[in-house]
Each structure stands twice: as structure tokens, then as C-alpha cells.
Amino acid sequence: SAMREGSVKRTKTVCTYCGVGCSFEVWTKERHILKVEPTHGPANGVSTCIKGKFGWDYVNSDKRLTVPLIRENGAFREASWDEAFTLIARRFTEIRAQHGPDALAFIASSKCTNEEAFLMQKLARAVVGTNNIDNCSRYCQSPATMGLWRTVGYGGDSGSIHDLEKAGLVIGIGTNTAESHPVLATRIKRAHKLHGQRLIVADLREHEMARRADLFIRPTPGTDFVWLTAVAKYILDNGLEKKDFIDQWVNGLDEYRKSIEGYTLAHAEEVTGIAQDTLKQIAHEIVEADGTCIMWAMGVTQQCSGSETSTAISNLLLITGNYMRPGAGSYPLRGHNNVQGASDMGAMPNFVGGYQKIDDPAVQEKFAARWGVPLPHNKGLDNHEMVHAVHEGTLRCMYLKGEEMGLVDANANYVDAAFEKLDFFVVQDVFFSHTASFADVVLPASPSLEKEGTFTNTERRIQRLYRALEPLGQSRPDWEIIQGVANAMGANWTYTHPSDIMAEIASLVPLYSGVTYDRLEGFRSLQWPVLPDGSDTPLLFTEGFPFPDRKARLYPAEFVAPQETPDAEYDLHLNNGRMLEHFHEGNMTFKSAGITEKVPGSLVEVSPDLARERGLESGRYVRLVSRHGAVRVRVHVTDRVKGKQIYMPMNNPEARNALNRLTGSHTDPCTHTPAYKDTAVRLEVLPEM
Ligand code: SF4
């Protein structure tokens with residue numbers, strides 16, 4: 001899918017800035033990006049947002065890594081690939097010989113391709129012999145996946161993005177959709193405006209979707225579980241549930257009913273601050289709507305109750321019959337472009353590809369037969385456990401690709417200290433990141449425009465990207481680098497193109513069994529599960545749920561309360577999230593001049609009330625102090641936040657003032673996803689400069 005006109009080349013690619021997975025043609029001349037043109041992307045049609053349209057000139061930044069770097073006497077020097085591979089193989093082998101394979105850990109990237117995530121976990125398991133492999137969905141979406149596995153069996157959006165337009169009611173919980181998933185939000189805005197779709201938003205901040213909503217509620221931070229479960233109880237108590245649907249398709253009603261006994265409307269009002277009448281209204285809206293879709297994101301998942309709240313959402317959809325048809329169902333909105341795919345590929349400590357359990361003997365046998373080595377049996381460490389294991393001295397070595405873990409993981413000071421303790425640390429990235437500053441070897445990777453592969457978006461849609469530009473300098477696609485490391489360790493991998501890797505994936509991962517590069521040619525795409533004959537599944541569960549009796553399961557309720565409720569010493573609740581113009585830690589967008597000019601660095605949003613109380617105005621510098629660290633940021637007074645809730649974008653160019661200097665190590669107990677949104681701070685006004 002590359003076409004030339006004169007010296008202008010047009011190449012199909014897929015956006016790397018969010019999980020919507022917009023695809024378009026990028027027009028290039030030599031290394032110049034002339035324009036990005038959405039033509040007929042299956043997820044986006046002819047739409048794109050500011051990031052997809054203008055966020056690409058980072059590929060030509062003079063800050064790109066172009067040569068492997070090796071630390072020597074405390075400083076980095078340039079090295080050849082051979083030298084880097086030889087050193088890595090020698091150190092990996094030494095550390096494994098001395099401390100065992102579980103002294104090494106690997107982190108795949110949800111910005112990289114499926115093929116690259118697959119190879120990273122194969123390197124960990126088949127070459128090194130450890131299940132210590134994870135990816136950054138641990139930081140965002142694992143709780144959503146958990147809630148869906150428990151109840152409906154597949155951890156993905158139950159329908160397509162365009163199905164959202166068919167819903168009578170859309171509920172968004174803890175998702176700043178207009179800024180984080182812009183093109184998807186456009187569809188809802190259109191349906192809301194033109195087709196009478198109802199919109200309910202639950203969030204702390206009054207963002208654009210909240211302003212558009214028919215009903216906007218602001219529950220006490222960390223308590224979404226409570227109001228959702230109270231709504232479910234009210235529906236059951238009043239016989240408003242979809243009885244036929246439950247009889248035919250849902251197990252576990254009695255036990256579920258018992259588990260939610262305490263969740264009365266009065267209790268919910270007390271805990272969440274949402275009036276009982278409002279909760280009743282929500283219940284009736286769901287029951288009366290012609291199809292309800294619930295979307296949620298990190299406002300739900302990055303809480304101690306992340307998995308439980310995700311479960312509560314799916315329970316509520318089940319009792320109201322909101323699965324198995326278009327315009328109904330669950331939409332956990334994935335952040336990075338390939339959060340879905342990196343997990344699908346088995347870059348996780350307890351699953352190999354397609355969520356097959358690592359300790360299942362049949363799975364072990366299948367992989368051992370294909371790879372010619374037995375798989376390690378024990379569950380490996382997730383990202384969160386890795387950091388603790390380094391502090392405890394049991395984990396000595398890490399290989400991390402495409403991940404600014406030092407700024408993205410919670411409790412950044414603790415993470416930095418772990419990096420300093422590692423015996424050997426390999427970081428592979430497009431830029432020299434904060435994390436790379438702790439590395440022993442830094443490997444230059446090529447970004448998406450310089451390689452081929454596939455991404456899987458939030459609606460389980462697998463799409464190909466093609467090479468628009470040659471790799472800059474000596475940088476290489478991640479899959480080639482991982483193969484180089486594996487072969488230096490004595491493996492004999494012979495992949496010549498990502499399609500070879502996909503053929504192996506299809507043979508081992510049932511969800512992808514019918515995926516081939518031919519079937520994904522150009523703008524063609526497939527939504528998993530993909531059967532061997534190539535037929536795919538835009539809408540899940542049309543013939544039942546993936547459990548032996550084909551019935552979904554209501555899962556008993558259990559609330560995990562927030563840990564850092566504001567107190568006298570730390571009196572403010574710190575919320576955090578994305579801004580439209582920047583992407584996560586900003587390591588790509590901050591290098592795109594077009595975007596940086598519009599939105600300069602680090603700030604904290606403060607409500608007019610709090611500003612008045614503390615004598616603050618926009619532009620003033622303050623120090624925020626939590627139990628875990630402190631930062632210096634600029635105040636922006638806005639009524640998007642309310643009272644003693646403040647908001648900091650996670651996109652911050654300054655490592656020492658990054659949001660995660662403030663967040664702690666407490667997590668959702670089921671998945672170990674950090675409870676980023678559960679952070680209390682105090683604010684100190686700094687003298688004017
Ligand atoms: Fe890229 Fe997401 Fe914007 Fe689409 S909506 S162009 S995938 S950032």
C-alpha cells in the first residue's frame with residue numbers, strides 16, 4: 001500500500017496516538033511528511049484529530065536515537081549493533097547463570113506492533129526461560145479486562161466504534177472521551193445531536209462531554225462502584241431487569257442479588273454524594289433506552305476498586321440485557337494504539353497469546369511443540385511486582401522497550417531508585433527517555449512510520465501499517481532488534497518480515513487463527529476472534545458467551561475503598577489524565593514542534609473557589625506535596641474542576657515535576673494497576689518570581 005506520484009509517496013499507516021486506531025495515507029517526499037490524509041479508514045472514515053493529523057514530525061527530530069549506546073565509566077558512548085548485542089547476550093547469560101532466569105524481566109510496549117509484543121514474550125519465555133513479561137496495559141486497562149473476563153469472557157469492546165451511534169443511551173464513566181478518543185467522541189456527539197441519543201457522564205471534571213451530557217454527575221472520587229451497584233439493586237428490587245435475557249443467557253443472579261444487599265440508594269447517596277432521585281433517573285434511563293453502551297477509561301480503572309467497578313459495569317449491562325446486539329454493551333476505551341494487541345499477544349506474566357493460561361498443560365504442550373523448548377510454569381512478575389522485586393534484590397536485570405516507565409509508573413521516586421539498583425538495564429526507544437538515563441545499553445528503535453506490522457485497536461480491529469520512511473540512522477524496527485538479542489543468546493530465529501511472525505501467531509493464538517497479511521492488505525481489517533476461514537467478529541457474543549454453557553456470569557460485588565482520602569495534612573484530591581494535544585508522557589508529541597507551540601508544559605488546574613481561598617491566580621507557581629514526593633507546577637484556574645479537587649495532566653515534559661512524583665504504590669489488588677487517581681496532596685504557594 002505505498003504508491004508513488006512523481007517523488008511523492010503515499011503510504012497507508014495507522015495512528016499511534018490512541019486506541020481508536022484511525023488509519024490514513026501519509027504523503028511523504030524523501031523524509032518530509034507532506035500531509036496525512038484520512039481516506040477510508042474502517043474505524044475513522046475520513047476523520048482524524050489534531051494528534052493524528054499534525055503529530056508526526058517527531059520522526060525527523062534531531063533528538064532521535066540513531067546509534068546504540070553503551071554506558072562506560074558513567075557516560076554513554078556510541079557502539080555498533082554487534083557490540084551491543086554481544087554485551088546484552090553476555091550479561092543476560094551471566095545473570096541467569098548466577099541468579100536464575102527469574103532474575104530477568106521484560107517489558108513489551110503497547111505502542112509497538114503485535115508482532116513485536118509477541119517476540120518480546122517469546123524472548124522472555126523461550127530464550128531466557130522466565131514468565132517475567134508485562135506491558136503497560138498494567139498501568140491502565142487491566143482492571144477493565146478483568147471485569148469483562150469475569151462476567152462475559154472476552155476482554156474487549158463488545159461491539160464496533162460505529163455501533164455506539166446505534167445506542168439509545170451512552171454512559172461515559174471516568175472517560176474524557178473528547179480529548180482522549182477524539183474521533184470516537186465525534187460519533188457520539190453526532191448521534192446525540194442528530195438522532196436523540198441520550199448521554200450520561202460521570203466524572204470529576206466538567207470536560208467537554210460532561211457539558212454536552214443530558215445528565216452529568218460528579219461522584220466522590222473512587223466511589224463509582226457504589227452508585228453503579230445501587231442502580232443495579234434498584235432495578236432488581238423493582239423488577240425492572242430483563243428477565244427473559246437473564247433466564248436464557250445469565251448465571252449467578254441469586255448470589256449476585258445477595259452480594260448487593262447493602263447497596264441501597266440511601267447508602268449510595270451518603271458515599272457518592274449523588275442524590276437518590278438522580279440514581280433512580282439513571283436506572284429508568286437504562287431500562288427504557290433502546291440499547292445502552294457504557295464506556296469507561298482510567299477514571300474507573302486507576303483506582304483501588306478498578307477491577308470491581310469494571311465488573312459492576314458489566315453486571316449492570318447483564319441484568320438489563322445490554323449485550324449481544326449492536327448499540328449495547330461494554331466499551332472499555334484503550335489508551336495507547338496497541339494496548340489491546342500487546343495483551344492479546346501474551347506479553348503478560350500469566351497468559352500466553354489470546355489469554356491462554358500459562359499453567360494449562362494443553363497450552364504448555366502446544367507452545368513447547370511449536371518452539372522446541374518447554375515453557376516456564378510459574379506465574380511471572382507484573383510491572384508493579386518487578387519494581388518491588390528489584391528493591392528486594394531478587395530481580396537484577398530488565399529489558400524494556402518503548403516505555404517511559406520511569407514517568408508512567410506510579411510513585412516515580414521509588415521506580416527511579418529501583419532502576420539505580422539494577423545490575424543490568426537495557427532500554428529500547430525512539431528517543432533518549434528519562435528511563436534511558438538509568439540504562440546500561442540504549443538501543444535505537446524505529447517508530448511506526450519506519451516499519452511494517454499490525455496494531456489492534458480498542459474495538460479489537462487488527463490493521464496493517466506499511467513503511468513510509470526508511471529507518472533513521474542506524475535505528476531498527478523493534479522486531480529486528482529483539483531477534484538480534486535472541487540470536488545473540490543462541491536462538492536461531494529467521495523472521496525476514498513481520499508477516500512471518502504473524503503466521504506463527506495465527507498458529508498459536510486462537511483469537512488470531514485466521515489472520516494473514518493478505519487478508520489485511522491495504523485498508524482491509526479484521527476484528528477478533530478471527531476464524532481459520534478468515535471470518536471475523538465485529539460484534540461479540542451474538543451466539544452466546546465464551547464459557548462452556550455459553551452463559552454470562554453475574555459476579556458478586558465487593559467494593560475496595562480509596563486509600564488516600566484527603567485529611568488534615570493532605571487536604572486536596574489530585575485527579576489526573578490526558579490533554580487532547582499531548583500523548584501520555586509526551587515523549588513523541590513534545591518533539592513535534594507544531595503541537596508544543598500550542599500547549600506549553602506543566603500545570604495544575606485549580607477551581608475558582610480554591611484559588612480564592614489560597615489567593616492564587618493563573619500563572620502562579622505552587623509546590624504540590626504528597627506522601628510520596630513533591631513537584632513544582634504552574635496554576636491554571638478553571639471551573640472544569642471543583643472545590644478541593646485539583647487536576648494535573650499526565651503529559652509533562654519535566655521528569656522531576658512529573659505527576660507520578662506524587663502518586664503512590666497502592667493498587668487495584670486484582671491486577672496491580674496503580675491507583676493513580678487516588679492521591680491526596682497539599683498545596684504550598686511559592687513566592688512570586
Ligand atoms: Fe489518532 Fe486517536 Fe486522533 Fe484517531 S482519534 S487520529 S487514532 S489520536
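In this predicted model, the centres of domain 1 and domain 2, taken over C-alpha atoms, are separated by 27 Å. To the contact between them, domain 1 contributes 12 residues and domain 2 contributes 8 residues. On the side of domain 1 that touches domain 2, strand 2 (8-14) and strand 3 (23-29) each supply at least two residues, and the largest share, 5 residues, comes from strand 2. By class, that side of domain 1 consists of 5 nonpolar, 4 polar and 3 charged residues.

The domain assignment from which these bounds are taken divides the chain as follows.

| Domain | Residues |
|---|---|
| domain 1 | 2-60 |
| domain 2 | 69-139 + 343-454 + 465-520 |
| domain 3 | 145-332 |
| domain 4 | 572-685 |

The ligand has 14 residues around it, of which Cys15, Cys18, Cys22, Cys49 and Gly52 come nearest. Two or more residues of this shell are given by helix 1 (50-54) and by helix 6 (182-194). In terms of class, the shell around the ligand holds 8 nonpolar residues, 5 polar residues and 1 charged residue.

Helix 21, which covers residues 498-508, has as its buried residues Pro498, Ile501, Met502, Ile505 and Leu508. Viewed down the axis of helix 21, these buried residues fall within an arc of 125°, and they therefore line one face of the helix. The elements that cover the buried residues of helix 21 include helix 3 (114-128), helix 16 (361-371), strand 20 (453-456) and helix 20 (478-488).

Taken as a whole, the chain has 23 helices and 29 strands, and its C-alpha trace spans about 70 × 65 × 60 Å along the principal axes. A compact globule with 689 residues would have a radius of gyration near 26 Å, and the 24 Å found for the chain agrees with this. Of the 689 residues in the chain, 57% are buried. When contacts between residues at least 6 apart in sequence are considered, 73% of them join residues at least 24 apart.

Terms used:
Residues are numbered from 1 along each chain as its sequence is written. This is a predicted model: local features need pLDDT of at least 70, side-chain atom pairs count only at pLDDT 80 or more; totals for chains, interfaces and linings use all residues. Domain bounds come from an automatic or database domain assignment. Two residues are in contact if their C-beta atoms, placed from the backbone, lie within 7 Å. Helices (H or I, at least four residues) and strands (E, at least two) are DSSP runs, numbered from the N terminus. Ala, Val, Leu, Ile, Met, Phe, Trp, Tyr, Cys and Pro count as nonpolar, Asp, Glu, Lys and Arg as charged, and the others, Gly among them, as polar. A residue is near a molecule or strand if its C-beta atom, placed from the backbone, lies within 6 Å of it. A residue is buried if 20 or more other C-beta atoms lie within 10 Å of its own, exposed if 12 or fewer, and partly exposed in between; C-beta atoms are placed from the backbone. The arc is that of the directions from the helix axis to the C-beta atoms. The radius of gyration is taken over C-alpha atoms; the globule rule is 2.2 Å times the number of residues to the power 0.38.
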